[in-house]
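Here are a few notes to read alongside the coordinates.

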Amino acid sequence: YPHVQWLREAEIKHGRVCMLAFVGMCVQQYYQIPGLPQQPDWLKALDECYASPVAQLGLVQISVFAMVVEGRFYPGAAWYGELDREPGDLGFDPLK
């Protein structure tokens, strides 16, 4: 079974992703980036992004960024309880 460090890391990461997704879903109803598909309905926005070649490149860019961050900060040692940092602390604090 996973150690508590692994479970805390997963819970914090999933919470942060959900908060960003919710903010993105709410903001895109009122503001769209010029040059990209203009769809205020969040249920139809992803379908339009798949149809637009410019938006497809944006989706690829977001996916590659997520893969790099996941690879760099993979908490493999947390599975055994040997994580060398606090769960959720990625060393990035914009307020410092």
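**Notes on the predicted model**

1. Start with the helix pair: H2 and H3 are roughly perpendicular to each other. This is a predicted model, so take the geometry as computed. The axes of H2 and H3 cross at roughly 105° and come within 5 Å of each other; anything from 65 to 115 degrees counts as roughly perpendicular.

2. Which residues make that contact? On the H2 side they are Leu46, Cys49, Tyr50 and Ala51, and H3 brings Pro53, Ala55, Gln56 and Leu59. Sorted by class, the H2–H3 contact comes out as 7 nonpolar residues and 1 polar, with no charged ones.

3. Next, the largest pocket, with a volume of about 1,500 Å³. Its lining counts 35 residues, and those closest to the pocket centre are Leu20, Ala21, Gly24, Leu59 and Ile62.

4. Where does the lining come from? Helices H1 (4–27), H2 (42–51) and H3 (53–72) are the elements that each give two or more residues to it. H1 has the largest share, at 10 residues.

5. Last, have a look at Arg85, in the segment after H3. The Arg85 side chain makes a polar contact with the side chain of Glu9, at 3.2 Å. A polar atom of the Arg85 side chain also sits 3.4 Å from the backbone oxygen of Phe73. Setting aside neighbours within four places in sequence, Arg85 is in contact with Glu9, Phe73, Pro75 and Leu90.

Definitions and conventions: Residues numbered from 1 in each chain as written. Predicted model: local features only at pLDDT ≥ 70, side-chain atom pairs only at ≥ 80, totals over all residues. Heavy atoms only, no water. 1 Å grid on protein atoms, 1.4 Å probe; cavity = no way out; pocket = protein on both sides within 12 Å on 5 of 7 lines; lining within 4 Å. Points joined across faces, edges and corners; volume = space filled by probe spheres on them. Helix = DSSP H or I, 4+ residues; strand = E, 2+ residues; numbered from the N terminus. Axes fitted to C-alpha atoms, helices over the stretch in contact; angles between N-to-C directions. Parallel < 35°, antiparallel > 145°, perpendicular 65-115°, else oblique. Contact = heavy atoms within 4.5 Å. Nonpolar A, V, L, I, M, F, W, Y, C, P; charged D, E, K, R; others polar. Polar contact = N/O pair within 3.5 Å; in protein donor to acceptor, adjacent residues only side chain to side chain.
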